[in-house]
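Here are a few notes to go with the model you sent over. Keep the structure open while you read them.

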Amino acid sequence: MRTLSGTKAISADLSKIVGSVNVEVRPAALVPYRTDATFGFAGLPTAVVRPGSAQEVSRILAWANQRSIPVVPRGAGSSLAAGAVPVQGGIVLALTRMNRILSIDPVDLIAVVEPGVTTQALAAAVREHGLHYPPDPGSKRVSTLGGNVATNAGGLHGLKYGNTGGYVLGLQAVLADGQIIRAGGRLLKDVAGYDLVHLLTGSEGTLAVLTELTLALRPAPAASGTGLAYFPDLESASKAVGGVIAAGILPATLEFLDARCIRAVEAHARLGLDTAAGALLLFGDDGSPDEVARTLRTMAGLMPDHGATSVQVATAAAESEALLAARRCALPALARSGGATILEDVGVPRSRLPDLVHRINTIAEAHEVTIATFGHAGDGNTHPTGCFDPADLAGRERVDAAFAEVFQAAIDLGGTITGEHGVGAAKLPYLSAQLGAAQTALQARIKKTFDPAGILNPGKVTR
Amino acid sequence: MTDVFDADDLGTCISCGFCLPSCPTYKLTGDESSSPRGRIALMRAVEGGEIDLFDPAALEQGSFCLGCRACEPVCPAGVPYGRLLEDLRDAQWKGRRRPMRIRPLLAFAARERLIRLVGRFRRHARFTTPETDTTLMLGCFERVLLPGVSRAAATTLPGVAIPLDQGCCGALHAHNGERALGEQMARRLADRPGRIISTAGGCSAHLAAVVGRDRVVDYSEALLEDGPLPGPILVDGRRARIGLQDSCHLRNGLGISEAPRRVISALGDYIEVPGAADCCGAAGTYSLLRRRDSRRVLAPKMAELSSLKLDFLVVVNPGCQRQLITEVRRARLRTRVLHLAELVEMAQRGPR
């Protein structure tokens, strides 16, 4: 369909809606939109269009729906499940121009934002009002809230604060045929009708395009603190996680890194981490200064009971932030050590974490691949990361085969193939193993109801 | 396959997108084509032969990028973006394709005798050759446009050598599509042994990349090595309010950001300008080639400056100095823009 006259017609039609400066059809300008942050997935779009309002999104969808042209919504393109890759071509709907924070209400504890606002920008803006937006995905500096809600993004504080979905009270969305709906609102309690807010949350742009989000806020905690403990291996670190919970603490941060990740992060960030350790557990909390001091003390105190070889507590806020920053850069730091990476996000119930870690290591050994593991130990969501030479095709296949087994292991342990990145195109082949036939079919019927022509982010989540 | 880029450099990027919010042109447009990751995707397509090197959209991105390298310190994968951009411009701006407007500048800076002649006419710092292996480099355009900077640097760093036979370091050439010449000029400048003190962030970073970091000393570092700093500058009987505009290449290329701040803190009340680390839009020849975009990049900073009411805004690179003098004057702010060396000289002179 990529004929010159077809492209010209598309460009002319879209230009009428958003103005020609916000439409791009030149191949050299489309190339950046072929990929997101996922290794090995690409698809060239026919056009990129940048709407400035819900009305413009509505007109674009109505236009595309009539012509059965795929529309792939995109925020910052930081998806790790190929959720923003136009795998079937079509139009990329870049929502970065819609980046206004519309209101922050300290009484209702609510922020209303457009989808292109970055997570970091909202967090900074509400902090000025003494408020706190808790979801904290690893890529929050770059990721957009539209993308966060569309993938129900998780992050570093899931154990205490839950994931993005817990903060979505209402939204405005454009349906495939261009109709604009509002679901939910500004209420904590609202049970009128099916819960479309939480059906669209995590729907990865396959059911509707989110154009406005009403997000819940919390009062900002007065203090926060972080500590770290070294363990001989990741399994003992995961057992310490159980120990923390058993002690009656629900901390804001419980993150672990294995030896490979520690070495990679240290090489990149130079924080003075112990590169000889087998694993590292970051623990932290927020709240009143007394509370934070008390929980940190308790957590630090019980680490040695679970085999910690050394324990430190950060005394200054900057030190604490540096430790969290170290955790945030784990993936790119792994990449920096050379080669390509495939990062997964399997999750299991917390009590099964030591089993999962053990299974991952066994699988990696059996397939002779390098898998470095880090992740959100507190909520059972881990990031086993395959590191390989992109030129070595056989090696790449071994990594794929190993991950297929890791997914099955997670399912066997009562877990999930994706805790926070979403299904996208990358996890779609494995989804039905987790959902079963009846649910897979029901999901396909839901998709059909919302998007009969199948234009919205096709090839993702459901077939 | 073209052979424009180093395969290892290009392979480093993992497309994580962490660079996006640091990029001034992405901030302006919200378009990933004008982001570092987007430009790398484009470079890869060029390298793979999918996109022509001289495709108009590719040429536009090669020119629209400021080359500020703000994407480098935030890049967890360590992509040498500045080098990739030099590769791209080297190929895109070759020979007759070089933008007309900068050709005379490049030609002028490559003529050592001519720079010397015009520079002396403008009365930059006097040549002196005491027994020392530390020399003060005279920037090519700084000699001509801002001769007071080298005079101030010489006064405040007594004892350094200022040899007669020095040309341009070639940073200008390396950044504008003549890398081989730029590197050759840097090596020639660094021919004599010893350390080179530079008052221009852009030159420091280029020189360090070619002849080694250990040979290059930024003026602010030299000053801190040199011993006690002069006392505070008073304005209307109070300590002066002084801000800093970082030099992009000094900060992002060499990692020098604390030294100039420490110097300023001794000279008055240091006020951190919000976005001090963000490019001022001068970006070497950018302000000549893309005046409108240059001013759009600077606009948010001008808004901050107008509310800060600084007495002095310090710069550490001649391009930034020229840009900010022009724009601060245009905005009728009561802030005086000067080079760090000029501020230190003012403090040494004491109250008039």
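Which residue of chain B forms a salt bridge with A:Arg74?

1. Look for B:Glu32: A:Arg74 forms its salt bridge with that residue, and the closest N and O atoms sit 2.7 Å apart. Bear in mind that this is a predicted model. The rule finds 3 salt bridges across the interface of chain A and chain B, and there are also 9 residue pairs in polar contact between these chains.

2. Now take in the whole A–B interface. Here 25 residues of chain A are in contact with 28 residues of chain B. Together the two chains bury about 2200 Å², with 58% of that on carbon and sulfur atoms. A:Ala28, A:Arg141 and A:Pro332 supply 23% of the area chain A buries against chain B, more than any other three residues.

3. Next, what is the chain A side made of? By class, the side that touches chain B divides into 11 nonpolar, 7 polar and 7 charged residues.

4. Chain A itself is assigned three pieces: domain 1 (4–94), domain 2 (101–219) and domain 3 (223–412).

5. Domain 1 and domain 2 of chain A bury about 1000 Å² between them, and carbon and sulfur atoms give 69% of it. Across this interface the rule finds 0 salt bridges and 1 residue pair in polar contact.

Terms used: Residues are numbered from 1 along each chain as its sequence is written. Chains are lettered from A and ligands numbered from 1 in the order in which they are written. This is a predicted model: local features need pLDDT of at least 70, side-chain atom pairs count only at pLDDT 80 or more; totals for chains, interfaces and linings use all residues. Side-chain values use heavy atoms; hydrogens and water are left out. Domain bounds come from an automatic or database domain assignment. Buried area is the accessible area (1.4 Å probe) that two parts lose on being put together, summed over both. A salt bridge is a side-chain nitrogen of Lys or Arg within 4 Å of a carboxyl oxygen of Asp or Glu. A polar contact is a pair of N or O atoms within 3.5 Å; within protein, one must be able to donate a hydrogen and the other to accept it, and residues adjacent in sequence count only if both atoms are side-chain atoms. Contact means heavy atoms within 4.5 Å. Ala, Val, Leu, Ile, Met, Phe, Trp, Tyr, Cys and Pro count as nonpolar, Asp, Glu, Lys and Arg as charged, and the others, Gly among them, as polar.
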